[in-house]
Amino acid sequence: MKSNTVAVGLGVLGIIFLIVAALYALGVLQLFASTTSGPHYKHAILFVVLAVASFVGANFARPKTV
Amino acid sequence: MGLLQGATELFPVSSLGHAVLIPSLLHWKFKQADPSFVPFLVLLHLGTAGALLILYRAQWVAIIRGFFTAAFRGQIQNDNERLAMLLLVGTIPAAILGVFLETRIKSLFASPYEAAGFLIANGILMLAFELLRRRAERRSTLQEEEFAQAERISFRAAALVGACQALAFLPGISRSGVTIGGGLLAGLRHQEAARFSFLLATPIILGAGLVEVPQLFSGGVPVGEYLAGMVLAGIAAYASARFLLRYFRSGRLDPYGYYCIAAGLASLALLRFNL
C-alpha cells in the first residue's frame, strides 16, 4: 500500500513509540509493568523496536519516484 | 540444568516444561525465589542464543545487512532482505505478548502437574500439525522438497508464526514446536520450518537475556559455576540444532509428539504416586 498518508501516519506512530520508550526507560510510565516503580527497560526496548518497525514501514509505504 | 535447558530449548519438547518437571521428579532443590536463580536462567538462555548465532553466523550477517539495505531503500530486492523483514514482522507479536504477559502467565501455571498436562497438550499439537500437513500434501500432491523455503513465507504467516511463540509461556508448550508447526501450516518444508523457527527464536532469546544481564552483577552470584552452565547450554543447543536440521530433511514432528504425550503421562503418574 503506497500512500503518503500511510507513510506520514506510520512516521508519527514511530515518534509516539519513541516517546513511550523514553518514558518507560526513565521510570515515568508504569503502565502494564510488573512493579510500580523504577525504569522498565524491557518495555522501553519493545517500544524502540516498534518505533523502528514503524519508521521502516513508513519508508516502505512512501511512494517512490524512479 | 545447562545441558537440559540447551537441549530442550530447540527440540520441540518444551524447555520450560522440562525445567519445571525434571527438578521436581529428581527432587533437585532449586529455590526459584532466590535472587541468583534469574541470572542463572539468563546465562543459560544467552548460551543457547550464542549457539544459534554461531550456527547461523554467515546468515545473520546477511540478514542484518539486508535489513538495513531494505529499510533505507524502502523496498525488498532479494531473499536476505525479505527474510530480515519477515523476522522483524515475526518477532514483534512475540515481543509484545512476552513483555506484557509472560510473567503473569508463568506465575499462573508454575506447578509440575500443570507442566505435565501442557506437555501432553504439546504432544497432541505436534501430532495435529503433522496430520494437517499430511492432508495438505495429499490435497496438493506436492512432495516434501516442493514445499517452500523460509524466505517465501507470507508476511501474515510470519506474524502468525511469531505470535504462536507466546503459547510457549505455558510450561510444557514448546516454542520451537509451535513455530515449526506454524511454519508447516504456512507451507514450508520441515527443514525450512525448523530454520525459520531457530532464526525467529534468536532475537527473542538474546534480547530477553541481555535485558537481564545487570542482575548478574548483584552480590552472591557464583559466576564461575553459572558460566559453566552457560557453556554447557550453548554446546547442547548447538548439537541439538545441528541434529534437528539434519533430522528434518526427512523426519517429522510425530516422534516428538508421542514423546511429549508419554513423558507427560509418566510425569503425572510419578507425581501422583510421589515416586
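Helices here are DSSP runs of at least four residues, numbered from the N terminus. The model described below is predicted.

**Interface of chains A and B**

Contact between the two chains involves 18 residues from chain B and 18 residues from chain A. Together the chains bury about 1500 Å², and 76% of this area lies on carbon and sulfur atoms. Zero salt bridges are counted between chain B and chain A, while two residue pairs are in polar contact across the interface, both at pLDDT 80 or more.

Two or more residues each come from α4 (57–73), α5 and α9 (190–212) of chain B to the side that touches chain A. The largest share of that side, eight residues, is supplied by α5(B).

**Second largest pocket**

The second largest pocket holds about 350 Å³ of space. Among the 17 residues lining this pocket, A53(A), V56(A), G57(A), F60(A) and V89(B) are the closest to its centre. At least two lining residues are supplied by each of α1 (4–26) and α2 (41–61) of chain A, and by each of α5 (79–108) and α7 (155–164) of chain B.

**Residue classes**

| Region | Nonpolar | Polar | Charged |
|---|---|---|---|
| Lining of the second largest pocket | 15 residues | one residue | one residue |

Methods:
Residues are numbered from 1 along each chain as its sequence is written. Chains are lettered from A and ligands numbered from 1 in the order in which they are written. This is a predicted model: local features need pLDDT of at least 70, side-chain atom pairs count only at pLDDT 80 or more; totals for chains, interfaces and linings use all residues. Side-chain values use heavy atoms; hydrogens and water are left out. On a 1 Å grid over the protein atoms alone, a cavity is a set of points where a 1.4 Å probe fits but cannot get out, and a pocket is an open set with protein on both sides within 12 Å along at least five of seven lines; lining residues have an atom within 4 Å of a point. Grid points are joined across faces, edges and corners, and a volume is the space filled by probe spheres set on the points. Ala, Val, Leu, Ile, Met, Phe, Trp, Tyr, Cys and Pro count as nonpolar, Asp, Glu, Lys and Arg as charged, and the others, Gly among them, as polar. Contact means heavy atoms within 4.5 Å. Buried area is the accessible area (1.4 Å probe) that two parts lose on being put together, summed over both. A salt bridge is a side-chain nitrogen of Lys or Arg within 4 Å of a carboxyl oxygen of Asp or Glu. A polar contact is a pair of N or O atoms within 3.5 Å; within protein, one must be able to donate a hydrogen and the other to accept it, and residues adjacent in sequence count only if both atoms are side-chain atoms.
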